Amino acid sequence: MWVEAIPGPDLKPIEGLSLKVRGTDSDAYAFALSRKQLAADGADLEADGSIKPEAMLRIRQELLHEVVLLDWSGLTSGEEKVGYDPDLARQWLLNPDYRDFQDLVQRAAGIANRRVREKTEAAVKN
């Protein structure tokens, strides 16, 4: 689903930017998260078998790239438009230097979650 008017770091909507995202409440996200959690190896696990916080953060960043962000429109670098590129998206979603972009994608996914819930609730009422 395309999401516009996504709040930026200052919580003001970013004009002209649209992200096509899948929500983190989606079946696709839940399946991919479960698959990655089950595949976690010894280095990612605590002594009790739970996933270490830093490993879970990495997994969630990977899922932003692999499952959540599908496309973008209106993204610019200076005056130049930047077309969607999966390799560039991966770099930005996995590199801690691009935390603002990661947060933006996460906010868009949250908006998508809310829209799906609202549609479901409206359908149930009818």
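**Entry 1: L11**

I looked up L11 and found this residue in the loop between β1 and β2. I am working from a predicted model. I then checked the accessibility of L11: its relative accessible area is 61%, which is over the 50% cut-off, so I noted L11 as exposed. The backbone angle came next. Phi of L11 is near 70°, a positive value, and L11 is not a glycine.

**Entry 2: A5**

I turned to A5, which is found in the loop between β1 (2-4) and β2 (18-21). Is A5 exposed, partly exposed or buried? I read a relative accessibility of 46%, so A5 counts as partly exposed. The phi of A5 is about 55°, positive although the residue is not a glycine.

Which residues does A5 touch, leaving out those up to four places away in sequence? I listed P13, I14 and L17. I also looked up a distance to S18, which is 13 residues from A5 along the chain. The C-alpha atoms of A5 and S18 are separated by 7.3 Å.

**Entry 3: the whole protein**

I stepped back to the chain as a whole. I counted four helices and five strands. Read from the N terminus, the order of the elements is β-β-α-α-β-β-β-α-α. The C-alpha trace spans about 45 × 45 × 25 Å along its principal axes.

Of the 126 residues, 34% are buried. Among contacts with a separation of 6 or more, 59% are between residues 24 or more positions apart. For the charges, I found 17 positive and 22 negative, and their mean positions are 5 Å apart.

**Entry 4: helix α3**

I picked α3, residues 86-94, to see where its buried residues point. Which residues of α3 are buried? They are A89, W92 and L93. Looking down the axis of α3, I saw that these buried residues fall within an arc of 95°, so they line one face of the helix.

What do the buried residues of α3 pack against? I wrote down α2 (53-68), β3 (69-73) and α4 (99-125).

Last, I checked the start of α3. There, a side-chain oxygen of D85 reaches to within 2.9 Å of the backbone nitrogen of D87.

Terms used:
Residues numbered from 1 in each chain as written. Predicted model: local features only at pLDDT ≥ 70, side-chain atom pairs only at ≥ 80, totals over all residues. Heavy atoms only, no water. Helix = DSSP H or I, 4+ residues; strand = E, 2+ residues; numbered from the N terminus. Buried < 20%, exposed > 50% of the residue type's maximum accessible area, 1.4 Å probe, protein only. Contact = heavy atoms within 4.5 Å. Lys, Arg positive; Asp, Glu negative; His and termini not counted. Charge placed at Lys NZ, Arg CZ, Asp CG, Glu CD. Arc of directions from axis to C-beta. Polar contact = N/O pair within 3.5 Å; in protein donor to acceptor, adjacent residues only side chain to side chain.
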